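Subject: Structure for your review

Dear colleague,

Please find the structure below, together with its sequence. My notes on it follow, and I would be grateful if you would read them with the model open.

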Amino acid sequence: MGFKTALLAAAIAVASTGRVHAAPLETDSQILSHYLVAGKQVEHVAGLNPVFQQTLVALFAAMPSEIRDNVQILSGYRSPERQAELFAAAVRKYGSVKAARRMVAPPGKSQHQRGMAVDLTFGSKAAKRWMHENVSAFGLRFPMSWEDWHLELATARADRK
Ligand SMILES: [Zn+2]
């Protein structure tokens, strides 16, 4: 058995024990891609800041399985073009730039565009509660009470004016 074959066999052995999240050949963005809502592009997690990726991987690994099964990533990294589209749509929907700014960050101002935020969906009240009670232990927070699904590193805004 060659070295690569041995590595692959080890990965499969780990995967077959059910500890898929510990598979040694997976990168952080590959691990996170398992938690993306179906049909979402891998760029949502591949474009995230590497420290933020690592922190999210640790968070998912620590979740009790019934919680993990009820948390998904709906949105993460957004390109400047995508943020501009979302903002333009909000201006159309809310009638003015001022009103739109309350709901969607303008291009250049979004933590999503910096790869420093994810929006989650919760499949149960217990999952939402667990997350709100536990993310601070990982150096994460939900900074906006009116968007209680929007998760960032606690330090994400420290370098912003
Ligand atoms: Zn968000």
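In these notes, a residue is called buried if 20 or more other C-beta atoms lie within 10 Å of its own, and exposed if 12 or fewer do. Please bear in mind throughout that this is a predicted model.

By that criterion, Leu86, Phe87 and Ala90 of helix H6 are buried. Seen down the axis of H6, these buried residues fall within an arc of 95°, and they therefore line one face of the helix. An α-helix has 3.6 residues a turn, so residues three or four places apart point the same way. The buried residues of H6 pack against helix H7 (97-103). On the face turned away from the buried side, H6 carries the exposed residues Glu81, Ala89 and Arg92.

As to its dimensions, H6 comprises 15 residues, 80-94, and spans 21 Å from its first C-alpha to its last, close to the 21 Å expected at 1.5 Å a residue. Gly95 follows H6 and has a positive phi, near 90°.

Turning to the protein as a whole, the model contains 8 helices and 4 strands. Their order from the N terminus is α-α-α-α-α-β-α-α-β-α-β-β. The protein has 161 residues, of which 22% count as buried. Of the contacts between residues at least 6 apart in sequence, 64% join residues at least 24 apart.

The largest nonpolar core has 17 residues, and within it Leu32 and Val118 touch the most other members. At least two residues of this core come from each of helix H2 (28-33), helix H4 (50-62), strand S2 (117-122) and strand S4 (150-153). In soluble globular proteins, nonpolar side chains tend to be buried together.

Which residues does Val118 contact, leaving aside its neighbours within four places in sequence? They are Leu56, Ile73, Ser75, Gly76 and Leu151. Val118 also stands opposite Leu151 in S4.

The strand pairing may be followed from there. S2 and S4 run antiparallel and are joined by 3 bridges. Strand S3 (residues 140-141) is likewise antiparallel to S4, with 2 bridges between them. In that pairing, Leu140 stands opposite Leu153 in S4.

With kind regards

How values were computed: Residues are numbered from 1 along each chain as its sequence is written. This is a predicted model: local features need pLDDT of at least 70, side-chain atom pairs count only at pLDDT 80 or more; totals for chains, interfaces and linings use all residues. A nonpolar core is a set of buried Ala, Val, Leu, Ile, Met, Phe, Trp, Tyr and Cys residues joined through C-beta atoms within 7 Å. Two residues are in contact if their C-beta atoms, placed from the backbone, lie within 7 Å. Two strands pair if DSSP finds at least two bridges between them. The expected span of a helix is 1.5 Å times one less than its number of residues. The arc is that of the directions from the helix axis to the C-beta atoms.
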